[in-house]
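Please read the following walk-through with the model open beside it.

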Amino acid sequence: MKTVRNVKNNMIEVTTELIEAFDGDTKKITARMIAEKADVALGLINYHFGNKENLITICVQRVIGKAIIGASTQKPYDTEIERMTAWAVYVFDFLFEYPAIARLSILGEFQSYDTEKNPAYLQRGFLFALTKNIADKDKPMASFVLTAAMQAAFLRSDMVNELLGYDLTEKESRDAYVRELVKIVFGS
């Protein structure tokens with residue numbers, strides 16, 4: 001027997017798959033499409049989520065939230081720079097692994113910043129990683145700059161390649177970009 005929780009989670013998983021399948025173009029995703037793929041009645045989307053847009057927002061939040069949690073559960077590091085670099089590499093790789101979701105999250109933040117959304121959580125997560133060597137008053141700015149530089153690089157990876165020579169489609173080049181970014185923002 002399907003529980004309410006299982007039905008809701010199934011709709012979230014199906015919608016997440018559709019977001020990726022349609023490369024983040026949520027206009028191409030219909031509520032009927034979600035309902036058919038999730039094998040639920042169409043009305044359950046509105047019943048549980050209010051509308052398709054709310055369901056999509058929840059999907060984006062959940063996927064990006066996993067990246068933030070994953071970064072924070074990394075192993076202990078000898079230095080703050082090592083920890084920050086590892087966290088940033090993990091998050092940056094995640095953006096490229098789920099590009100449609102990441103794009104929706106980032107662009108959604110640009111349209112309507114909310115301290116309770118994933119990009120703000122990411123900035124606070126980076127703050128959490130900064131335990132020493134940086135004055136408390138400088139931590140929010142450093143975290144903001146790191147997050148913004150990663151978001152901009154993700155959204156315009158073509159320009160990063162042209163201007164800076166980092167091919168962000170390649171893991172080694174992404175890692176090199178993040179290492180250099182952390183070094184510039186936080187010092188060597």
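Is Ile184 buried or exposed? Ile184 is exposed, because its relative accessible area is 62% and the cut-off for that class is over 50%. In this predicted model, Ile184 has its place in helix α10. The C-alpha atom of Ile184 is separated by 9.9 Å from that of Ala142, and the two residues are 42 positions apart along the chain. In soluble globular proteins, nonpolar side chains tend to be buried together.

The fold as a whole comes next. The protein has ten helices and zero strands, and its pattern along the sequence is α-α-α-α-α-α-α-α-α-α. Of its 188 residues, 43% count as buried. Among contacts with a separation of 6 or more, 65% are between residues 24 or more positions apart.

The largest nonpolar core holds 45 residues, and within this core Phe92, Leu146 and Tyr177 touch the most other members. Two or more residues of this core come from each of α1 (4–21), α2 (31–38), α3 (43–49), α4 (52–72), α5, α6 (99–111), α8 (139–155) and α10. Helix α5 gives the largest share, seven residues.

The axes of α5 and α10 come within 9 Å and cross at roughly 135 degrees, so the two helices are oblique to each other. The crossing of α5 past α10 is right-handed. On the α5 side, the residues that meet α10 are Ile81, Met84, Thr85, Ala88, Val89, Phe92, Asp93 and Phe96. Their counterparts in α10 are Lys171, Arg174, Asp175, Tyr177, Val178, Arg179, Val182 and Phe186.

Met84, Ala88, Val91, Phe92, Leu95 and Phe96 of α5 meet Leu146, Met150, Ala153 and Phe154 of α8.

The aromatic rings remain. How many aromatic pairs does the count come to? The count is five. One of them joins Phe92 and Tyr177, which are stacked, with 5.6 Å from centre to centre and 25 degrees between the planes. Phe92 lies in helix α5 (residues 80–97) and Tyr177 in helix α10 (residues 171–186), so this pair ties together parts that are 85 residues apart in sequence. Both Phe92 and Tyr177 are buried. Tyr177 also pairs with Tyr166, in an edge-to-face arrangement with 5.6 Å between centres and 75 degrees between the planes. Tyr166 sits in the loop between α9 (157–164) and α10, eleven residues from Tyr177.

Why do both tyrosines count as buried? Tyr166 has a relative accessible area of 19% and Tyr177 has one of 9%, and the class requires under 20%. Phe92, Phe96, Phe154, Tyr166 and Tyr177 form one aromatic cluster.

Terms used
Residues are numbered from 1 along each chain as its sequence is written. This is a predicted model: local features need pLDDT of at least 70, side-chain atom pairs count only at pLDDT 80 or more; totals for chains, interfaces and linings use all residues. Side-chain values use heavy atoms; hydrogens and water are left out. Rings of Phe, Tyr and Trp (its six-membered ring) pair if their centres lie within 6.5 Å; planes under 30 degrees apart count as stacked, over 60 as edge-to-face and the rest as tilted. Helices (H or I, at least four residues) and strands (E, at least two) are DSSP runs, numbered from the N terminus. Buried means under 20% relative accessible area, exposed over 50%, partly exposed in between (1.4 Å probe, protein chains only). A nonpolar core is a set of buried Ala, Val, Leu, Ile, Met, Phe, Trp, Tyr and Cys residues joined through side-chain atoms within 4.5 Å. Axes are lines fitted to C-alpha atoms, for helices over the stretch in contact, and angles run from 0 to 180 degrees between N-to-C directions. Angles under 35 degrees count as roughly parallel, over 145 as roughly antiparallel, 65 to 115 as roughly perpendicular and the rest as oblique. A crossing is left-handed if the near helix is turned anticlockwise from the far one by less than a right angle, and right-handed if clockwise. Contact means heavy atoms within 4.5 Å.
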